[in-house]
Amino acid sequence: MENLGTFDQLFYKANQYQVMSLIMGGASILAPARKGGRLNAQVIADHLAARLGEIPLLRAKFIQDPLRLGTVKKLPNPDFDIAKHVTVVSLAKPGNYEQLSARLGELSAQPLELECLWRWTVIGGLKGGKLAIFCKIHHALADGIGITQVLSSIYDPEPVKPEKPRPRVPSFEEEPSAASLLGGAVVESLRRLWVKTPRFLMKNTGPVLSSLGSGARELWENRNDPNGGFVMPEMNPTSLNTSEFSGRRAVSWKTLSLAEVKRTAKRFSCTVNDVGLLLYSYAMQHYFEQTGESIDFDLWCGMPMSTRTSAHGEGGNQVTVGRICLHNTIENPLERLRAINVDSLEVKQAARPEEPLLDMEEVADLMVPLVMDGMFFVAGKLNLMGRAGDSFAPANGIFSNVPGPPKPVCVANAVMEESIPMIPAVDILAVSGGITSVADALTIGFHCDGGVVEQPDLFVKGIERGLKALQDAGVEQ
């Protein structure tokens, strides 16, 4: 049994009190690894169950003391049943893109219970004898990079004989009693009050006061400089800024050649992520033009960034979020790409300072769990997230880059052709975009609130428009 990480616990509580649902998802399209081969959805599901059932993180459950004084604990679930987590469905003929995107939206909209924090669905009936795998996992278990690392064991570099789940040896480890959990919570609270807090204050009071003094002096010295103060970027809300989740999801995606995108990035001295942001910018621009919404200002997106290092263990969340301008008001695609590249570098440097003033996870760890529960309870009851979304737009969308396997990977006797990102669609933002890859296939995916975004393929058309603009600009250069 171990304590849930501070940020893991925040994600868990946000869902528990219905403040915000943070469910990661994604889909993969599989084809027979051998020419003329056939794929069986149940066989692939059994193989996944065999592999997934051996991953400790996925066999975990969360518990907390009855008064919620202590941290949420993570421990092996003695009643773990893989059959509750891996299921099979099938599409009707012809099993095309439109049917698959609709089914992915339906599966994404289904909530995850806190007693079942992840689910895999094998989708049969795709055109050409292919299959799809849809997965969803609660953000409390891991961030995108963390779950990618954890799930690496389900893939093989070559086709292998499909496996079947093995009977598990019953666990005789007893779950802690309520009294035991409560006793541990009291000890934890006393340690937080008498040990952690004084240690934190001794360590950080001097540097914080020094930093405040330096900041005050800088403000005073620049008091007459009109450009000397920080100005919060103007954030204009759009129809994609919502106050609550409609209960529906919509999905679309476009797959490109990773090699071509890398060549483009190299040619224009930027990164693959910058090219992805440029295409996301065109996708958003095209969506608003086609829906008739006037956007004469720059759009901004939240960009999750991993802070994970080799020292971090299995799963968990090691992530920060920056905001980046999409520069959609710049018509020239090369100038827009350069502006995005400059801003992206600045955002990444600001998000990962070499010597941060305070360790925010350490700060969050000082928060009494009972206080955290109280805050989330009030936020959920009063719909504070929705009310905040009505008056303040933190961003107009989300864009994330989750690296995938650099080489071809197989699931039993199937090879993965595409990996479709479905970045969590935050309840107050109606679209999340992202890129991921497998081998030489780079896929840009859009995960939307289906009650707001009725035509998710407009984003894909915007991607195609952005690609053409970039190619034409490269020829003219």
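How many aromatic pairs does the structure hold? The structure, a predicted model, holds eight aromatic pairs. The legends below describe close-up views of selected regions.

**Figure 1. Stacked pair of Tyr 280 and Phe 446.** The ring centres of Tyr 280 and Phe 446 lie 6.2 Å apart, and the ring planes meet at 10°. Because planes under 30 degrees apart count as stacked, the pair of Tyr 280 and Phe 446 is classed as stacked. Tyr 280 belongs to helix H7 (residues 272-291), whereas Phe 446 belongs to strand S15 (residues 441-449). The pair therefore ties together parts that are 166 residues apart in sequence. Both Tyr 280 and Phe 446 are buried.

**Figure 2. Edge-to-face pair of Tyr 287 and Phe 288.** The centres of these two rings are 5.4 Å apart, with the planes at 75°. Because an angle over 60 degrees counts as edge-to-face, the pair of Tyr 287 and Phe 288 is assigned to that class. Tyr 287 has a relative accessible area of 4% and is therefore buried. Phe 288, at 2% relative accessibility, also counts as buried.

**Figure 3. Aromatic cluster containing Tyr 280, Tyr 287 and Phe 288.** One aromatic cluster is formed by Tyr 280, Tyr 287, Phe 288, Phe 399, Phe 446 and Phe 459. The cluster includes Tyr 280 and Phe 446, whose rings are stacked. Tyr 287 and Phe 288 are likewise members of the cluster, and their rings form an edge-to-face pair.

**Figure 4. Crossing of helices H1 and H10.** Helix H1 (residues 6-16) and helix H10 (residues 369-382) have axes that come within 9 Å and cross at roughly 40°. This angle makes H1 oblique to H10. The crossing of H1 with H10 is right-handed. On the H1 side, the contact comprises Gln 9, Leu 10, Lys 13, Ala 14 and Gln 16, which meet Met 372, Asp 373 and Phe 376 in H10. By residue class, the contact of H1 with H10 consists of four nonpolar, two polar and two charged residues.

How values were computed: Residues numbered from 1 in each chain as written. Predicted model: local features only at pLDDT ≥ 70, side-chain atom pairs only at ≥ 80, totals over all residues. Heavy atoms only, no water. Axes fitted to C-alpha atoms, helices over the stretch in contact; angles between N-to-C directions. Helix = DSSP H or I, 4+ residues; strand = E, 2+ residues; numbered from the N terminus. Parallel < 35°, antiparallel > 145°, perpendicular 65-115°, else oblique. Left-handed = near helix turned anticlockwise from the far one by under 90°. Contact = heavy atoms within 4.5 Å. Nonpolar A, V, L, I, M, F, W, Y, C, P; charged D, E, K, R; others polar. Phe/Tyr/Trp six-rings, centres within 6.5 Å; stacked < 30°, edge-to-face > 60°. Buried < 20%, exposed > 50% of the residue type's maximum accessible area, 1.4 Å probe, protein only.
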